[in-house]
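The following note sets out points for a colleague who is examining the model shown below. Each point takes up one topic and may be read against the coordinates.

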Amino acid sequence: MIRGAAILAYVVRRTAILLVSMLIAAAVLFLLLRLLPGDPANALVSVGADPEQIEAARRQVGSDLPIGAQFVRYLGQLGSFDLGASFVSGVPVLEEIGRRLTLTLPLTALAFVGAILLALPLGILAAVKRDRWYGGVISVVSQLGVAVPVFWIGILLVTAFAVRLRLFPSSGFPTSGWRDPLAALHQLALPIVTIVLVMSASLIRYVRSATLDVMGSDYLRTARALGAGYSEALVRHGIRNGAVPVISILGIELASTLLGAVVVERVFSLPGLGSMLLSGIEQRDYPSVQGVLFVSTLMVLIVGFAADLAQRLVDPRLRGTSGGRS
Amino acid sequence: MTDAIPTLARASSLRLTPAFLVGAALVGLHVVVGLMTLLWTPYDPTAMTGGRLALPSLAHWAGTDRLGRDLFTEIMIGARIALAVGTGAVAIAAVIGVTIGLLAAFASRTVDDVLAATLDILIAFPTLLLAMLIVAASDGASLGTAILAIGVAASAIVARLTRILARRVLAMDYITAARVSGTGWLGIIRIHVLPNIWPTLIVNFALQFGLAVIAEASLSYLGLGAPPPNASWGRLLQEAQATVYTAPFGAIAPGLALVSLVIGLNLFADGLRDVADPTRRRR
C-alpha cells in the first residue's frame, strides 16, 4: 500500500515537527515569563517582606538559579508531567487543570460543532446565492460580526435572554456538574451560543470564499460540460476541493476558541480553564499561569497537527509534500 | 470595459467607493471626538452629575452610570483611549514586525526556518492571551502595558506578513540584477523591497488597528487594562454588566461605539486594499 506508507511517513515527520514545536513553545513561555520584570517569588511573600524571606521564597521557586539551570529544571518537570503546585491553594496544577477541562472542553466542542452546523450551510448559501438579497445579507452580517468583541455578544445575550425573557440563567455552573446533564446544558446554553455566533461570523466568510473559488474553477466547468447538473457537480467535486482550505481555518478557529474561552468564562462566571488562568494572573500564582498556558499551547499544537493530517487525507496532492507551512 | 489607460480620474473615483467613505467617516468621527475630549467634554468625567443609572435624556444622551457620572462623556473619552492604544500598538507592531520580517527574509535558510516556526507558534496564540501573559508578567496593569502587550502580540503577525512579502520581492530577477551591480542589502530594502510591500502592509496595519481596539476592550473588560479613572469601553461594559438587571442600556451604548469604530476601520482597510491592489477591483 503506497498510499498507506506515504501517510505513515507523513505522520512520523509531522510528529517530529510537533515535538520540536512543543519544545519551542516551552522555551517561548519560559522566556516570556522569566525575562519580563517581576520575580515569581514575589507571589509567595507579602509586601514589605525582609530580604531573608524573599531569598527563601526565591530558593523555593527556583528563581535564584541561573536562567539556563532554571530552564533545564523546568523541562525535567514537564517531562515527568509535573506542573508544580498552586502557590495559592497548594493543589497540583495538573489536577486542577484536569478538573477545569471537564467544563472548558465540552463548552468548546459543543460550540465548535454548532458553529460548523451554522456556518457551512450559510457560507455555501452566501456564495451560491450571492445575487439574491439573502446571499448579500449573510455576507454583510458576517462581515459586521467579526467587528463585535465576544464579551459584548455575551452581555447582549444575557440582557435579552436572561434579564428580559428569563429563559436562561445569566451566569454560573451547577455544582452537580455533568451528573445532571440537562441542568448543565441549560446553564451552558448562552455561553455556547455566544461562541457559536462569534466563530460563525469568520467561518462563514471563509466558507463563502472557498465556495466561490470552487465555483470559478475549471474542473467544475468541465464537469458541467460533461453533463453533470449544477448541484451534482458542486457536491461531487466541490466539497472535497473546498474542504482543504476550510479545514486549516477550522483548526485555527478551534484553537483560538479553546483559548478565547477565557473571556466567555468571565462573562458567564464559569469555573473553567480560562477563569483559572485569570485568577492565576490576578493572584500572581505562577505555577497555575504557566501550567494553563503550557497545556493550552499543547492543545493548540495538537489541533494544528490534527488539521494538517485531515488535510492530507482529503487532498491526495498534499500527501507527498513535507509538513512545513510557508 | 474601456480600461485601456488607468487615468487619474478613475483612480480617484475608486477611492470614493461607498464602503470606503463610510469607513473613513466612522474613523474620522471617532478621531474628532477623541481629540475633542482633550479640550472639552459635556461633563467632568469624574463628577456625579445626575441620578444613578439614569435613562438617556436630553441632559445625559447615554444616561448615567452606577455612580451618576455622564455615560456619554465616558464613551467620548473611551474613543480617545481606544485610538491611543490602537496607534501605539500598531506603531510597536510595525517597528518590531517589519524589522524581524525583513531579517528573516534576508537571513540564511536555518535562521529563517527557526524564526518562521517561532512566529507560527506566537500567532497560534490569540493576541489577547499573549497580551494577558505580558500584563501578568509586568508589574500591574496600565495603559502602557496594554499598548505594549497588544503591540508585541500583533508584531508576530506583521513579521510573518513582511517576511512572506519580502521573500516574494527578493525572488525577482531585478533583485539579482541589483545585487550584481553592487547594491548593498540596505539599499535593496530601501529601493526595492519597502516600496513594493508597503501598500499591503498599510492595509494590514488598518486591520491590526481594529483588532487592537477589540483586544484593549477585552483586556479592560477582564480588569487587565488601564485602571480607573480611564473610561475604556471595555471597563464601561464590565461595570454595566454588573447592573444589567436594573439598567440594561449602559451595556449597549459603549459596545455600539466600539463596534462602529472597528467596522469603520475594517471598511477603511478594504477601501485601501482596493486602491493598493488593482487586481481586486473587478471582483
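**Notes on the predicted two-chain model**

1. Reading chain B from its N terminus, the order of elements is α-α-α-α-α-α-α-α-α-α. That amounts to 10 helices and zero strands in chain B. The model is a predicted one, and the points below should be read accordingly.

2. Chain A is likewise described by its helices: 11 helices and zero strands. Along the sequence its pattern is α-α-α-α-α-α-α-α-α-α-α. Of the 326 residues in chain A, 36% are buried, while in chain B buried residues account for 48% of 283.

3. In chain A, 69% of the contacts between residues at least 6 apart in sequence join residues at least 24 apart. For chain B, residues 24 or more positions apart make up 69% of the contacts with a separation of 6 or more.

4. The mean pLDDT of chain B is 82, and 89% of the residues score at least 70. Helix 3 of chain B has the highest confidence, at a mean of 92, whereas helix 1 (residues 8-15) of chain B has the lowest, at 49. Over residues 1-11 of chain B, pLDDT stays under 50, and the model has one contact beyond four places in sequence for this stretch. For the complex, the predictor reports an ipTM of 0.83 and a pTM of 0.83.

5. How do helix 2 and helix 3 of chain B lie relative to each other, parallel or perpendicular? The axes of helix 2 (residues 18-39) and helix 3 (residues 71-106) of chain B come within 8 Å and cross at roughly 105 degrees. The two helices of chain B are therefore roughly perpendicular, as angles of 65 to 115 degrees are classed that way. On the helix 2 side, the contact is formed by His30(B), Val31(B), Val33(B), Gly34(B) and Thr37(B); on the helix 3 side, by Met76(B), Ile77(B), Ala79(B), Arg80(B) and Leu83(B). Sorted by class, the contact between these helices of chain B comprises six nonpolar, three polar and one charged residues.

6. The largest nonpolar core holds 158 residues, and Ala131(B), Ile150(B), Ala212(B) and Val213(B) are those with the most contacts inside it. Helix 3 of chain B contributes the largest share of this core, 20 residues. Apart from neighbours within four places in sequence, Ala131(B) is in contact with Ala149(B), Ile150(B), Ala153(B), Ala215(B) and Leu219(B). As general background, nonpolar side chains tend to be buried together in soluble globular proteins.

7. Where the chains meet, 33 residues of chain A are in contact with 32 residues of chain B. On the chain A side, at least two residues each come from helix 1 (2-35), helix 6 (150-164), helix 9, helix 10 and helix 11 (286-314). Helix 9 of chain A gives the most, with seven residues. By class, the residues of chain A that touch chain B are 25 nonpolar, six polar and two charged.

8. Beyond its neighbours within four places in sequence, Ala117(B) is in contact with Ser21(A) and Ile24(A). Ala117(B) is classed as partly exposed because 16 other C-beta atoms lie within 10 Å, a count between the limits of 12 or fewer for exposed and 20 or more for buried.

9. Not counting residues up to four places away in sequence, Leu277(A) touches Val262(A), Val289(A) and Val292(A). Between Leu277(A) and Val292(A), the C-alpha to C-alpha distance is 6.2 Å, and they are 15 residues apart in sequence.

10. Ser269(A) has a phi near 45 degrees, a positive value in a residue other than glycine. With 11 other C-beta atoms within 10 Å, Ser269(A) is exposed.

Terms used: Residues numbered from 1 in each chain as written. Chains lettered and ligands numbered in written order. Predicted model: local features only at pLDDT ≥ 70, side-chain atom pairs only at ≥ 80, totals over all residues. Helix = DSSP H or I, 4+ residues; strand = E, 2+ residues; numbered from the N terminus. Contact = placed C-beta atoms within 7 Å. Axes fitted to C-alpha atoms, helices over the stretch in contact; angles between N-to-C directions. Parallel < 35°, antiparallel > 145°, perpendicular 65-115°, else oblique. Nonpolar A, V, L, I, M, F, W, Y, C, P; charged D, E, K, R; others polar. pLDDT = per-residue confidence, 0-100. Core = buried A, V, L, I, M, F, W, Y, C linked by C-beta atoms within 7 Å.
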